[in-house]
Amino acid sequence: MVKNNIQQFCFPASVPEALRLMAKLKAKAVVVAGGTRHTRSIAPQVETVVDISDLPLKFIKADRSGLRIGALCTISDLEKSPLLAGWAGGVIAQTAGLSSNALARGMGTVGGNVCRAHPYNHMPPVFLALDAAAVYSEGGREKSVPFARLLEPGFMRELGHRCLLTELRVPAATKSWSGATARFALTPSQWESTAHCVAALDLQGGTVRRAALAAAALLPRAARLPKAEAALTGKPVSEETAWAASKAAVFELEELTGRAAAKAYACEVAGVLLRRTILEACHG
Ligand SMILES: Cc1cc2nc3c(=O)[nH]c(=O)nc-3n(C[C@H](O)[C@H](O)[C@H](O)COP(=O)(O)OP(=O)(O)OC[C@H]3O[C@@H](n4cnc5c(N)ncnc54)[C@H](O)[C@@H]3O)c2cc1C
């Protein structure tokens, strides 16, 4: 049986109020957004649940700098957003649609998804591929870091303790990119994938001007694949270039997984997924 010592729930109405509570209560408090990851994992020393669901962080909008997605948007909000459907070939909405079940989709937030980025979580690779920035609030100041930094274990430990993620920003330049995502799992209702890949391409007249490829699930955290990206950049879009990039990706993933025999199949699967997503991003 899971035992906890929760004595109160707090519902801060602003980010500064939430941060003040977190600073005062420290390890005796836990931050909850959608709560889908917390059902069985609240530590015994926690007495206060800081429920951030009332914070004004539920928005999807665009300005001159690009796309702005509030941390409290649910995965379902992302999947159904008309703005996201028209951004980078709809790859963010498409990725949200990979979620395994109604709980993760309807209650789970994008902030919770990326702040405790389990290797199988679906949203990190798409924000990594689109060169997103993570905006967070700490000690009364708003700060921004490249999305990759958010996934570093040292940084992740601070999230929900000393700082709160407030939004994800995606550069305006990526709006016209093409994108596609695919994962392979035993069943669609399974959260855990063998491999999950995202391809985001800046295409000009049938040539890849910039390629952004990311893989997840088979690695401890989502990662970009720069060698595979180089195999595509400046090349015309074709079956051959997609094959060359997928071969480079498999090699790169084998390196990243330390050539572990247990990961060999997942690396091959990722190669196939990447080739398919590259071709889908190019041809729809
Ligand atoms: C049965 C089941 C199936 C699942 N299937 C999937 C799936 O298919 N795909 C997938 O990607 N995930 C899946 N998940 C994982 C989870 O549901 C999602 O990752 C979800 O998006 C987490 O969001 P949340 O709002 O519920 O997080 P919460 O549980 O509220 O929080 C998770 C962690 O993040 C911290 N946190 C939350 N928001 C912030 C913030 N703004 N700033 C700082 N820290 C914050 C919290 O303190 C906590 O430590 C599944 C989970 C379960 C239980």
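**Figure 1. Three strands of the predicted model form an open sheet with parallel pairing.**

**Figure 2. Strands β1 and β3 run parallel and are joined by 3 bridges.** Strand β3 comprises residues 48–51. Within this pairing, C10 has V50 in β3 as its bridge partner.

**Figure 3. A further open sheet contains 5 strands in antiparallel pairing.** The strands follow the order β4-β5-β8-β6-β7. The edge strands here are β4 (60–63) and β7 (141–146), and each pairs on one side only. From one strand to the next, the twist averages 25°. Helix α1, formed by residues 15–25, packs on this sheet and touches both β6 and β8 (163–171). The direction of helix α1 makes about 135° with that of β8.

**Figure 4. Strands β6 and β7 pair in the antiparallel sense.** The pairing of β6, which spans residues 133–138, with β7 extends over 6 bridges.

**Figure 5. The domain assignment divides the chain into domain 1, domain 2 and domain 3.** According to this assignment, domain 1 covers residues 8–54, domain 2 covers residues 60–173 and domain 3 covers residues 177–283. The centres of domain 2 and domain 3, taken over C-alpha atoms, are separated by 20 Å.

**Figure 6. Domain 2 and domain 3 are in contact through residues of both domains.** Domain 2 contributes 20 residues to the contact, and domain 3 contributes 26 residues. On the side of domain 2 that touches domain 3, helices α4 (91–96) and α7 (124–129) each supply at least two residues. The largest share of that side comes from α7, with 5 residues. When the residues on this side of domain 2 are grouped by class, 13 are nonpolar, 6 are polar and 1 is charged.

Note on methods:
Residues are numbered from 1 along each chain as its sequence is written. This is a predicted model: local features need pLDDT of at least 70, side-chain atom pairs count only at pLDDT 80 or more; totals for chains, interfaces and linings use all residues. Two strands pair if DSSP finds at least two bridges between them. Helices (H or I, at least four residues) and strands (E, at least two) are DSSP runs, numbered from the N terminus. Axes are lines fitted to C-alpha atoms, for helices over the stretch in contact, and angles run from 0 to 180 degrees between N-to-C directions. Two residues are in contact if their C-beta atoms, placed from the backbone, lie within 7 Å. Domain bounds come from an automatic or database domain assignment. Ala, Val, Leu, Ile, Met, Phe, Trp, Tyr, Cys and Pro count as nonpolar, Asp, Glu, Lys and Arg as charged, and the others, Gly among them, as polar.
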